[in-house]
Amino acid sequence: MKAWLCENPAGVAALQWKELATPEPAAGQIRIAIKAASLNFPDLLIIENKYQMKPPLPFVPGTEFAGVVDAVGEGVKGFKPGDAVAAFAGTGGFASHACIPAALAMPLPPGFAFEDAAAFICTYATSHHALIDRAALKPGETVLILGAAGGVGTAAIQIAKTAGARVIAAASSDDKCQRCLQLGADATINYSGGNLREELKTLTEGRGPDVIYDPVGGDLAEPAFRSIAWRGRYLVVGFAQGQIPNLQLNLALLKGASLVGVFWGEFAKREPKHNAAMLGELAGWYAQGKIKPVLDQVLPMEQLPAAFERMASRQVIGKLVLRYT
């Protein structure tokens, strides 16, 4: 097999494209012949030794991928060679093959493109868990989505619209805002040059958004939270800006608002049946054309360093995908 190997977590430059022995699946595992893998922000943190999960060295990075089962380990039920699957496994995706626990694999229905499937689980599961489960989003409510042109942001736009909400998409450039409108957002805010609070006041007629979806953190958090509607729900999804904000808790008191943590990975571990049902619903929405991953670029697997460079530039709209042929 071929794989990008991390022997020294010193960043992208330390990765090496190598030929390795193809692994055999252990009991309870399946081996996947990988067709496509996507980049997620934790992929960069892991190879820089900055992520909470620190795999033993050496390891193959790549949290999310899709392909075809080509071998099954002892005791595996429900999968056989030839089955199309997607997986969010933590590591192993930037390669031609990976062995993973069968429980981590999502069966793909007919017609689910591998490139879409590789960019599907993390962003759509996170956004569905956030908006539908944690925020209990209702039709007619207004959602503010920060970082709306990114992977989870574009997924959140589509899921919120499917749920019947009004979407205000906030992004860092006019081009990104325009793309959000094309995805179904009702209004946009370019927060790199505008006043977030004033624009929210105008767009909501002074009421504020009912739900705020925040994968960005940093200096956007406080003005966004100060703008929230009465009984609003503020979803803490991540900190792509790098800084964890310090919010004054009196803001929650004054608005009767809820500060809600969103940790899809832990939800999937603790509530596997609910997670499986959610993924099934999302797969159905994909088949119905209600949701579809936004792919910024699809590059050959060998061009992983170039993909990381584009990710670091913060110009990506949607997800970057690597294809292995």
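1. Leu 131 is in contact (heavy atoms within 4.5 Å) with Ala 136, Leu 137, Val 143, Ala 156, Ile 159, Ala 160, Val 211, Tyr 213 and Leu 235, leaving aside its neighbours within four places in sequence. The largest nonpolar core has 55 residues, and Leu 131, Tyr 213, Leu 235 and Leu 282 are those with the most contacts inside it. Such a core is a set of buried Ala, Val, Leu, Ile, Met, Phe, Trp, Tyr and Cys residues joined through side-chain atoms within 4.5 Å. A second, separate core of 32 residues includes Ile 30, Val 69, Phe 79 and Ala 98.

2. This is a predicted model, in which local features need pLDDT of at least 70 and side-chain atom pairs pLDDT 80 or more, while totals for chains, interfaces and linings use all residues. Residues are numbered from 1 along each chain as its sequence is written, and side-chain values use heavy atoms, with hydrogens and water left out.

3. Of the 325 residues of the chain, 52% are buried, meaning under 20% relative accessible area with a 1.4 Å probe, protein chains only. In soluble globular proteins, nonpolar side chains tend to be buried together.

4. The chain has 11 helices and 15 strands, taken as DSSP runs (H or I, at least four residues; E, at least two) and numbered from the N terminus. The radius of gyration, over C-alpha atoms, is 20 Å, close to the 20 Å that the globule rule gives for 325 residues, so the chain is as compact as a globular protein of that length. That rule is 2.2 Å times the number of residues to the power 0.38.

5. Among contacts between residues at least 6 apart in sequence, 67% join residues at least 24 apart.

Technical notes: Buried < 20%, exposed > 50% of the residue type's maximum accessible area, 1.4 Å probe, protein only.
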